[in-house]
Amino acid sequence: MADFNDLPAHVWPRNAQREEDGVVTVAGVPVPDLVEEYGSPLYVFDEDDFRSRCRDMAAAFGGPAHVHYASKAFICKKIVQWVNEEGLCLDVASHNELLIALAGNFPAARMTAHGNNKGPDYLRDCVEHGVGHVVLDNTDELEMLNRIAGELGRVQKVMVRVKPGVDAHTHEFIATSHEDQKFGISLATGAAFDAARACLAADNLELIGLHCHVGSQVFNAEGFKLAAERIMALYSRIHTELGVTLPELDLGGGFGIPYMPYEEALDVRAVAHDLLTAVGTTADALGITPPFVLVEPGRALVAGSAIAVYSVGTVKDVETGKQELPLRRYLSVDGGMSDNIRPAMYGSEYDLRVMGRYTDGVEVPSRVVGFHCESGDILVDERDLPEDITSGDIVATAASGAYQYMMSSRYNGAVRPAVVAVRAGQVKPMLRRETLADLLSLEVD
C-alpha cells in the first residue's frame, strides 16, 4: 500500500510537494499558511501548473489557436487573462460567462459561444462584441441570430452543433452526443444537414464549420475518433450536395483526467494524433480539404491545477450495524456539498491528504463529510484513512479546479470560499471569500 504521506504526482498539482517537516507546499507556499491568512474552505491554484497544461495541449494539437479553454470548468478574470497570455482561445457557455471574459479583456474574436437556450440579449452581445463563433444548438436560435445580426448590420460566423450518436461511456449526466439529450442537432435524422443548409441560405450568418462534443471525463479515445469520422461524412455531404467546403471542425473536449492514484490520465498527445489523422485520412478519402481542427478542454487544463483545502472539525466513530464493519469513523470538515457538489451528484472520488504534518496512524474505515444538513453531504466515501487525523488538521483534495467552485451554492447559509493562486512563492488572490453581508445584500426590506 502506498504511503498516505505521498502526493501522487499525476493527481496533485505539478508544483505540490511535502517538505521535510511534513508540511505540503504548492509553488513553495505552505498550505497551512494560506489557511491562516485566507481561511477555509479555500481553493488554491498552481498558476504555473495551469499554464504548463495549456502549453502541453497546444503542442499536442498543433498550436494554441487550435485549443479553446472551456471556461465553464472555472472562470474568473484572472484565469481568462492567463488563457489569453498563453495564446489559447476561449469558450463561454452562458451570457454571464461572456461578460466575465470581456471584463477580463479577453478578445471576443477568439471566443466561441455555447448554450442550448441562448436568449436574445446573449446573442446580441455576441454579435455586437464580435464573438468569433456562435455554436447553434437548434433552429429557433438560428432564426433568432440571423434576425439580430441583420438588425445590427453584421454577418455572424456560426457552427452547427451536431449529435454524432456516439456512446461516450461516461456518466449519463455528462454524456452529450447520444440522441436522447438536450444538446445539438441530430446527424442520424438529417436535421444537422438541414440546419447547415439553412445557415448557408441565411443572409446574416456565415457557416464556417460543425461542432460536436461526445461528453465529459471520457477515457475511451475511440469515441472521439468515431465522432470525428461521422462528422467528416457530413462535411462530405455538404461539399457534394451544397458545393461548400467548410474550413473548421470543432471536436469539443471531455478528455478524462485522473482523480485518484489508481487512475491514469488520457494520453492527450496520442488522442490528438489519432483525431488529426482520422480527420486527414477521412478528408482525403472523401476528396475534400481537411478542416482546421479545434478542441475545447476545460477539466483537462484546470482540474489538476488546484486543490480544495478544509479544516477538520468533529471526529466520531459511528456504529454501522454491520457485522463485517462494526465501526466507521466520520471526519467532518468546514465545507461540503456547497463548495463541491460532484460527489453527491456524480459519485465522484477524490484523493485526500493531510497538509500540515506527517500522519502515521493505522488506517481505519472512514468518511469525510461536510457540515450541511444532508446525509448525502459526503466528500470522501468509504476510504481507509489514518486514525490519527484529528480536529484542527488541515486536509485537501487534489484535482479540484474544475466544476467545484463553479457549481457552488449558498446552501445552509454557506459562503463561497476564497480562491488564490500561487506562483514561485508568491500568493495572488483571485476571488475573495463571500461574507454574511453578501448573503444579506439580496434581501429586500
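Buried means under 20% relative accessible area. The questions below concern a predicted model.

Q: Does Tyr259 count as buried or exposed at 5% relative accessibility?
A: A residue is buried when its relative accessible area is under 20%. Tyr259 has 5% relative accessibility, so Tyr259 counts as buried.

Q: How many aromatic pairs does a search of the whole structure find?
A: A pair of aromatic rings is described by the distance of the centres and the angle of the planes. When the whole structure is searched, the number of aromatic pairs found is seven.

Q: Which kind of pair do the rings of Phe50 and Tyr69 form?
A: Planes over 60 degrees apart count as edge-to-face. The ring centres of Phe50 and Tyr69 are 5.6 Å apart and the planes stand at 85°, so this pair is edge-to-face.

Q: How many residues apart in sequence are the parts that Phe50 and Tyr69 tie together?
A: Both Phe50 and Tyr69 are buried. Phe50 belongs to helix H2 and Tyr69 to strand E5, so the pair ties together parts whose separation in sequence is 19 residues.

Q: What is the angle between the planes of Tyr259 and Tyr350?
A: Tyr259 and Tyr350 form an aromatic pair with 5.4 Å from centre to centre. The pair is edge-to-face, and the angle between its planes is 80°.

Q: Over the ring of which residue does the charged end of Arg237 sit?
A: The charged end of Arg353 sits over the ring of Phe4, 5.2 Å from the ring centre. For Arg237, the charged end lies 3.6 Å from the centre of the ring over which it sits, that of Phe193.

Definitions and conventions
Residues are numbered from 1 along each chain as its sequence is written. This is a predicted model: local features need pLDDT of at least 70, side-chain atom pairs count only at pLDDT 80 or more; totals for chains, interfaces and linings use all residues. Side-chain values use heavy atoms; hydrogens and water are left out. Rings of Phe, Tyr and Trp (its six-membered ring) pair if their centres lie within 6.5 Å; planes under 30 degrees apart count as stacked, over 60 as edge-to-face and the rest as tilted. Helices (H or I, at least four residues) and strands (E, at least two) are DSSP runs, numbered from the N terminus. Buried means under 20% relative accessible area, exposed over 50%, partly exposed in between (1.4 Å probe, protein chains only). A charge sits over a ring if NZ of Lys or CZ of Arg is within 6 Å of the ring centre and within 35 degrees of the ring normal.
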